[in-house]
Amino acid sequence: MYRVTLPEGVHPLNHVIDRLGSDALLTARQELLKAVYEAPGSGLTPREREAIRIPTAQNIGCNTCMAVRLWRDMPGFSAEIEEAFYQKAMDRHLDWEGFTPRESFLIEFSDRFENDHQAMNGDDAFWERAHALFPEADIGDAFILASTFGGIGHSLNVLGIGSVCEVPSPEVLR
């Protein structure tokens with residue numbers, strides 16, 4: 001059930017992203033989402049960004065977010081990412097040979113960020129691995145991505161959008 005009024009003929013996701021809120025905060029949200037999804041200048045590859053997004057979507061239970069494949073649904077995002085990547089990420093099959101060490105770590109990171117964030121700070125072994133795999137800028141980007149994906153996913157679910165709407169067209173995602 002939608003918890004906001006949806007105008008006739010407007011996709012629910014489009015309404016939330018482009019119309020729901022004050023002008024100043026709508027502009028900020030749109031700029032943040034554009035930066036997060038396009039990630040200009042980030043050292044994280046599109047696959048690495050998806051390695052953060054998909055477990056977050058699954059943990060939140062956002063059906064729309066889980067169904068989106070950014071390589072397919074957002075023109076220019078990246079080359080094709082095989083479906084096995086998404087399935088293995090959702091299964092937390094971190095030792096799958098198709099993942100790079102960075103991708104495996106980011107799947108674990110994303111899962112822990114959503115489910116066990118209180119324990120992350122005190123896990124010295126986790127941070128040793130993080131610093132061995134990533135420069136600090138990429139660690140910062142991973143946190144920005146995880147918090148944005150999580151926040152948007154939670155918001156969509158609370159509003160009833162993420163649980164009942166279909167995958168939007170590429171025009172809505174842009």
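This is a predicted model: local features need pLDDT of at least 70, side-chain atom pairs count only at pLDDT 80 or more; totals for chains, interfaces and linings use all residues.

Visitor: Left-handed or right-handed, where helix 7 passes helix 9?

Guide: Left-handed.

Visitor: Which residues in helix 7 and helix 9 meet?

Guide: On the helix 7 side they are Pro-101, Arg-102, Phe-105, Glu-108, Phe-109 and Arg-112. On the helix 9 side they are Phe-126, Arg-129, Ala-130 and Leu-133.

Visitor: How do the residues of that contact between helix 7 and helix 9 divide by class?

Guide: There are 6 nonpolar and 4 charged residues, with no polar ones.

Visitor: Back to Phe-109. What does Phe-109 touch, not counting residues up to four places away in sequence?

Guide: With those left out, Phe-109 touches Met-120, Phe-126, Ala-142, Phe-143 and Ala-146. Phe-126 is also in the helix 9 part of the contact with helix 7.

Visitor: Which members of the largest nonpolar core touch the most other members?

Guide: Phe-109 is one of them, along with Leu-44, Ile-52, Phe-85, Leu-106 and Leu-156. The core has 42 residues.

Visitor: Which elements give two or more residues to this core?

Guide: Helix 1 (12-18), helix 2 (23-38), helix 3, helix 4 (63-67), helix 6, helix 7 (101-115), helix 9 (124-133) and helix 10 (136-158). The largest share comes from helix 10, with 6 residues.

Visitor: Another pair, then. How do helix 3 and helix 6 cross?

Guide: The axes of helix 3 (residues 46-60) and helix 6 (residues 83-90) come within 9 Å and cross at roughly 50°. These two helices are therefore oblique to each other, and their crossing is right-handed.

Visitor: Who makes the contact between helix 3 and helix 6, and which residues are they?

Guide: Helix 3 uses Arg-47, Glu-50, Ala-51, Arg-53, Ile-54, Pro-55 and Gln-58. Helix 6 uses Phe-85, Tyr-86, Ala-89 and Met-90. By class, the contact of helix 3 with helix 6 has 7 nonpolar residues, 1 polar and 3 charged.

Visitor: New topic: backbone. Which residues have a positive phi although they are not glycine?

Guide: Ala-39 is one, with a positive phi of about 45°, and Arg-92 is another, at about 55°.

Visitor: Where do Ala-39 and Arg-92 lie?

Guide: Ala-39 lies in the loop between helix 2 and helix 3. Arg-92 is in the loop between helix 6 and helix 7.

Visitor: Is Ala-39 buried or exposed?

Guide: Buried, with a relative accessible area of 12%. Arg-92 is at 21% relative accessibility; buried requires under 20%, so Arg-92 counts as partly exposed.

Visitor: What about Ser-104?

Guide: Ser-104 is in helix 7 and is buried, with a relative accessible area of 12%. Leaving out residues up to four places away in sequence, Ser-104 touches Leu-94 and Phe-99.

Visitor: And Pro-12, buried or exposed?

Guide: Pro-12, in helix 1, is buried at 9% relative accessible area. Pro-12 and Leu-156 are 144 residues apart in sequence, with 9.5 Å between their C-alpha atoms.

Visitor: Last one: where does Pro-135 lie?

Guide: In the loop between helix 9 and helix 10. Pro-135 is partly exposed, with a relative accessible area of 45%. The C-alpha atoms of Pro-135 and Pro-40 are separated by 16 Å, and the two residues are 95 apart along the chain.

Note on methods: Residues are numbered from 1 along each chain as its sequence is written. Side-chain values use heavy atoms; hydrogens and water are left out. Axes are lines fitted to C-alpha atoms, for helices over the stretch in contact, and angles run from 0 to 180 degrees between N-to-C directions. Helices (H or I, at least four residues) and strands (E, at least two) are DSSP runs, numbered from the N terminus. Angles under 35 degrees count as roughly parallel, over 145 as roughly antiparallel, 65 to 115 as roughly perpendicular and the rest as oblique. A crossing is left-handed if the near helix is turned anticlockwise from the far one by less than a right angle, and right-handed if clockwise. Contact means heavy atoms within 4.5 Å. Ala, Val, Leu, Ile, Met, Phe, Trp, Tyr, Cys and Pro count as nonpolar, Asp, Glu, Lys and Arg as charged, and the others, Gly among them, as polar. A nonpolar core is a set of buried Ala, Val, Leu, Ile, Met, Phe, Trp, Tyr and Cys residues joined through side-chain atoms within 4.5 Å. Buried means under 20% relative accessible area, exposed over 50%, partly exposed in between (1.4 Å probe, protein chains only).
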